[in-house]
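Let's take a friendly walk through this structure. Have a look at the fold before reading on.

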Amino acid sequence: MARIAVGGFQHETNTFAPTKAGLEAFLQGGAWPGLLEGEAIFPATRGINLPVAGFCEAAAAAGHDLVGLAWAAAEPSDVVTERAFETIAGKISDRLAAAGPVDALYLDLHGAMVTEQLADGEGELLRRLRMQLGPDLPIAVSLDLHANVSEEMVAESNLLAIYRTYPHIDMAETGALAAAWLERYLAGGLRHAAYRQIPFLIPLTTGCTDLEPAGGLYATLARMELESGAALSFACGFAPADTPVCGPSVVAYADSAAQAGELAEALAAAVEAAEPDFAAPVYSPEDGVAKALRIAKEARRPVVLADTQDNPGAGGNGDSVGLLQALIAQAAKGAVLGLLNDPGCAEQAHVLGVGGKARFSLGAKSGIPGHRPLEVEAKVAALGDGRFVCTGPFSLGSRMDLGRMALLDIEGISVAVSSRKTQAADKEMFRHLGVEPVAVPILGLKSSVHFRADFAPIAEEILVIAAPGPNPVDHLQLDYKRLRPGLRLMPMGPRFAQGDSPRA
Ligand SMILES: [Zn+2]
């Protein structure tokens, strides 16, 4: 039996997004629990699809004694403020110092955190904790599939276990995997690490593991693991992050340095061989809506339009109106779009009451240049308090608290408005407002891929839409300045050169 300290600090930073993550964002937590300290971590995360929950369940079942440090997460956004980083990193470190002797440390991290001062938030956090614990104490970490894994993260920890699904239906499972690897490490195994970077950026939409090539690559990884007995990870990386550590990578842990190196090399070669297959079609809002209308005529199930460039799960504020405008312009009656984050409009709808009509100045409050609110006459079709429990495989068990919500009807097109942003990845977000998604002909979802876990089974077809927003599918539209030279900005695309600011 070991005594294991448990903490977590998750943020996925889109350095091109409009809003920073301050301490408030971590205290509130968004779709996940707000800041948790000490033993409170365990009951508050139990049963949720979260790495920390999976780790704790597996480690406790194996008879280990767990000590809660601090755990915090915020919705993806621009950089984490220095105050938020220092406060949460400080809590983890202080509680670790106060915990007395431990045999290992487990951390639930994302792997793509950038702060006001740091290009590699997790690398710095791990460096500090390694200093505090000394060179020999095992540190096991779980990371998101969108981690921009750095050399420092590998060097300052002993094990990095990374999700293998996108939509991330295996978050809790990855926590349990980290526990299993830690078990092997404590018994003397998996002592050698190897790390390789992949030379091209992978767009969010084509990293989906329900599709090829990502699905096949994770199957290859699992097969290699089974054959070798080693522990392997592949991170697709998080492209909208202008840092030198941005990009996909693979990590291997084995009983010898030679085996770890060979496996990392082989896995990286498999990813590189799949590069051409990581490119995929994207529609303009106009073309996407027109195609959806054509399909919907014959279909019995919804056509889903993924409003990926405003995905709050990738740093968008969920309040752009480009896709909504296209739906209205083409009179896509019966269509429903969600979630549009606009607390002012939600409040206005609650004051009006169900059935009330008024002029709304809808969305586009983030201050993105060129974005203007949509001025529309709308009727309040339904209201909600934003509190419900998710039932889809991605957010399963998450207790949502999205503030006041409202369903607004604009000439037969409905918009689900929330007061807090989160990506539209669960059917309950619509059912909360009386909309049964299965019965909707065209569903616009502000999400890139996670929605697929709950919506792909009911979708006739899924079209990826590039409406204006801070998370461009085409990375050539991003004004990168700090990437590592030579990295290809898109699969088979041009290379980044220092001093360049390539634009389409
Ligand atoms: Zn992710």
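Into which domains is the protein divided? In this predicted model, domain 1 covers 3-278 and domain 2 covers 285-465. Their C-alpha centres are 31 Å apart. Where the domains touch, 23 residues of domain 1 are in contact with 27 residues of domain 2. On the domain 1 side, the touching residues comprise 12 nonpolar, 8 polar and 3 charged ones.

Now to a pair of helices. The axes of α8 and α9 approach within 10 Å and cross at roughly 160 degrees. Because angles over 145 degrees count as roughly antiparallel, α8 is roughly antiparallel to α9. The crossing of α8 past α9 is right-handed. The table shows which residues make the contact.

| Helix | Residues | Contact residues |
|---|---|---|
| α8 | 214-228 | Leu 217, Thr 220, Leu 221, Met 224, Ser 228 |
| α9 | 257-273 | Gln 259, Leu 263, Ala 266, Leu 267, Ala 270, Val 271 |

Sorted by class, this α8 contact with α9 holds 8 nonpolar and 3 polar residues, with no charged ones.

Next comes a sheet. Its 8 strands form an open arrangement in the order β12-β13-β16-β17-β11-β18-β10-β19, and the pairing is mixed. At the edges are β12 (357-362) and β19 (461-465), each of which pairs on one side only. On average, neighbouring strands of this sheet are turned by 30 degrees against each other, with direction ignored.

How do β13 and β16 run, parallel or antiparallel? Strand β13 (residues 374-384) and strand β16 (residues 405-410) run antiparallel and are joined by 5 bridges. Opposite Met 405 in β16 stands Gly 384.

Key:
Residues are numbered from 1 along each chain as its sequence is written. This is a predicted model: local features need pLDDT of at least 70, side-chain atom pairs count only at pLDDT 80 or more; totals for chains, interfaces and linings use all residues. Axes are lines fitted to C-alpha atoms, for helices over the stretch in contact, and angles run from 0 to 180 degrees between N-to-C directions. Helices (H or I, at least four residues) and strands (E, at least two) are DSSP runs, numbered from the N terminus. Angles under 35 degrees count as roughly parallel, over 145 as roughly antiparallel, 65 to 115 as roughly perpendicular and the rest as oblique. A crossing is left-handed if the near helix is turned anticlockwise from the far one by less than a right angle, and right-handed if clockwise. Two residues are in contact if their C-beta atoms, placed from the backbone, lie within 7 Å. Ala, Val, Leu, Ile, Met, Phe, Trp, Tyr, Cys and Pro count as nonpolar, Asp, Glu, Lys and Arg as charged, and the others, Gly among them, as polar. Domain bounds come from an automatic or database domain assignment. Two strands pair if DSSP finds at least two bridges between them.
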